[in-house]
Every structure is written in C-alpha cells, then in structure tokens.
Amino acid sequence: MNNANDKKTRKSGTIEPNAKKETSPSNTVSNVSPATHQNTPKASVGTQGAHDDVTKAPEHKAPENTNAGASATKQLHGLRVAILATDGFEEAELAKPRKALDEAGAKTTVLAPKAGEIQGFHHEQKAEKVSVDMELGAAKAADFDAVLLPGGAMNADALRMNGDAQKFVQEMDKGGKPIAVICHAPWLLISAGLTRGRKMTSYHTIQDDVRNSGATWEDAEVIRDHNWVSSRQPDDIPAFNREMISMFGEKREKSKSAVGR
C-alpha cells in the first residue's frame, strides 16, 4: 500500500498521455488528510499515466494572494457554478475557490441537503457558517455549467451517501461539464461510480479509496483529467484555483463555439 510520506518528492511537470489527448487541457496533481487536515509534505509527480487527456500543471510558486480570479478579467462571466457542501466542509476549500470564481465573473450557488446555513470548519475547529442558496433536492444539473466540491471529512462523508448529490454529479459528468474537487471530496465521485479509469489526487489518507475505485491516484498539488481538476489540501488552493479557472474557461469557450456552429 502506498504512503504519501514514503514517496520521493519529484518536480511537478505536465503529464502528456499517450492517447486521445486534448491539446489545451492539462492535468495537475495534489494531496490532503482526514478530519485533522494536517498539512502533508507536498510532492509533485512526473510520471505518465495511462488515462488520456491527463495533465499535471507545472510547479507553481503562487503569491500570497491566492485569488486566481483576480487576473481572470471576468473570463467566466455568467458561468453558473454549483457548490455542493454540507456541515463540516473545510472553510478555506469553499470560500477561497468561490471568491476566485466570483471575481472571474462566475455566478456561484451553494447547494446543500438542507436549507438555512451550513457549518464550516478550519481543520477541527468550527469556523464561519455559509448560507445555503438552494436545497440539493430542488437543483437541476441542467441549470449549471460546472461544479465545485470542497472537502472536509465530515462534509464529504455525508454527501457521498446523499442520493441527490450522487445524481447531480453523475448528470454533470455525463454532460462533460467541468468538476473541481479537492481534499476528501472525491468520496462523492467514488460513491457515484464515476472514478474508474480516471486520474486524480485527493487528501493522502483516502488514496486507497481512490485506487480501489479503479482510479489512478497521484500525489501532486493539482491534476487535470478531461473535465476534472483535483487537488489535495488547503495548501494547494492557489494551484487549484488557477487550474479550475483555466478549465472552466476552456469548457465555456468550447460550449460557445459549439452553439455558434
């Protein structure tokens, strides 16, 4: 069984798969841990995977400002992004990516199993609450262009067993819509039966779950694979935001081009 701490740190590069590779997207890799969310050493993997269209983003020295949307010049204007979360979400993994998306011009909507507010956490300590914009049971995947899945062990463990959450991500993925997932959030994709044959990263403590579901797991700050972008933990948010904004923008342009034909 692989252990993230036993892995040799390798310089992050771009994974160029052997087949079916799209020219623009790139896959990137990352990793994060359970409820304690203790920061694990960053490791970038440069191995080539069997899954097509997977790219690792080059090692990125992000500034202290983690807002990737600041330079996005509203490139996501009008893009409708669903954020699936419930009590126990990791605050930074929802708030910071959401801020980047909002500043890039996207319209973000928090979907949760219940109305009202959901409780965020900073590792094991309670943090801010977030208002729920719409109950999951009333949301339709057709009304959204992309989805963000923040982590937090309690949050992810609850959502993975929620039928409405599973159906939502299944329909988003079936439509080829982009999915950004970080930390423990891959649990939902696993339970929804979507991970077989994919390449991704996650918090290091659930790497066996990812592998056992039929996916290829790597320890890198961010990985892009087709319409998915994944990262490990809060430390990876600068790279996660960068690749999320990039992928969402690329998918948006492809959709606009398709409509214009």
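**Burial, strands and a cavity**

Mentor: Begin with Gln166, which counts as buried because its relative accessibility is 18%. Keep in mind that this is a predicted model.

Trainee: In which helix does Gln166 lie, and which residues does Gln166 touch, not counting residues up to four places away in sequence?

Mentor: Gln166 is part of helix H3, which covers residues 163–174. The cut-off for buried is under 20% relative accessible area, so Gln166 at 18% falls on the buried side. Leaving out residues up to four places away in sequence, the residues Gln166 touches are Arg160, Met161, Leu188, Ser191 and Ala192.

Trainee: Is Ser230 buried or exposed?

Mentor: Ser230 belongs to strand E13, residues 228–231. Its relative accessible area is 2%, and the limit for buried is under 20%, so Ser230 is buried.

Trainee: Which residues of E13 point one way, and which the other way?

Mentor: The four residues in question are all buried, whichever way they point. Val229 and Ser231 point one way from E13, and the other way point Trp228 and Ser230.

Trainee: Which residue stands opposite Ser230, and how do E9 and E13 run?

Mentor: The C-alpha atoms of Ser230 and Ala180 are 5.9 Å apart, although 50 residues separate the two along the chain. The residue opposite Ser230 is Val181. Strand E9 (residues 179–182) is joined to E13 by four bridges, and the two run parallel.

Trainee: What is the order of the strands in the open sheet of three strands, and which are the edge strands?

Mentor: The pairing in this sheet is mixed, and the order is E3-E5-E6. Each edge strand pairs on one side only, and these are E3 (89–90) and E6 (125–131).

Trainee: How many bridges join E5 to E6, and what is the bridge partner of Phe121?

Mentor: Strand E5 (residues 117–122) runs antiparallel to E6, and the number of bridges joining them is five. For Phe121, the bridge partner in E6 is Lys126.

Trainee: How many cavities of 30 Å³ or more does the structure hold, and how much space lies in the largest cavity?

Mentor: Rolling a probe the size of a water molecule over the atoms shows where empty space is left. At 30 Å³ or more, the structure holds one cavity. The space in the largest cavity is about 40 Å³.

Trainee: Which helix gives the most to the lining of the largest cavity?

Mentor: The lining consists of Leu84, Leu149, Pro150, Asn155, Ala156, Leu159, Ala185 and Leu188. By class, seven of these are nonpolar, one is polar and none is charged. With three residues, the helix that gives the most to the lining is H2 (residues 153–159).

Trainee: For the whole protein, what share of the 261 residues is buried?

Mentor: The protein has six helices and 13 strands. Among contacts between residues at least 6 apart in sequence, 77% join residues at least 24 apart. The accessible surface comes to about 11200 Å², with 48% belonging to carbon and sulfur atoms. Of the 261 residues, the buried share is 56%.

Note on methods. Residues numbered from 1 in each chain as written. Predicted model: local features only at pLDDT ≥ 70, side-chain atom pairs only at ≥ 80, totals over all residues. Heavy atoms only, no water. 1 Å grid on protein atoms, 1.4 Å probe; cavity = no way out; pocket = protein on both sides within 12 Å on 5 of 7 lines; lining within 4 Å. Points joined across faces, edges and corners; volume = space filled by probe spheres on them. Nonpolar A, V, L, I, M, F, W, Y, C, P; charged D, E, K, R; others polar. Buried < 20%, exposed > 50% of the residue type's maximum accessible area, 1.4 Å probe, protein only. Contact = heavy atoms within 4.5 Å. Areas by Shrake-Rupley, 256 points an atom, 1.4 Å probe, with all protein chains shown as cover. Pairing = 2+ DSSP bridges.
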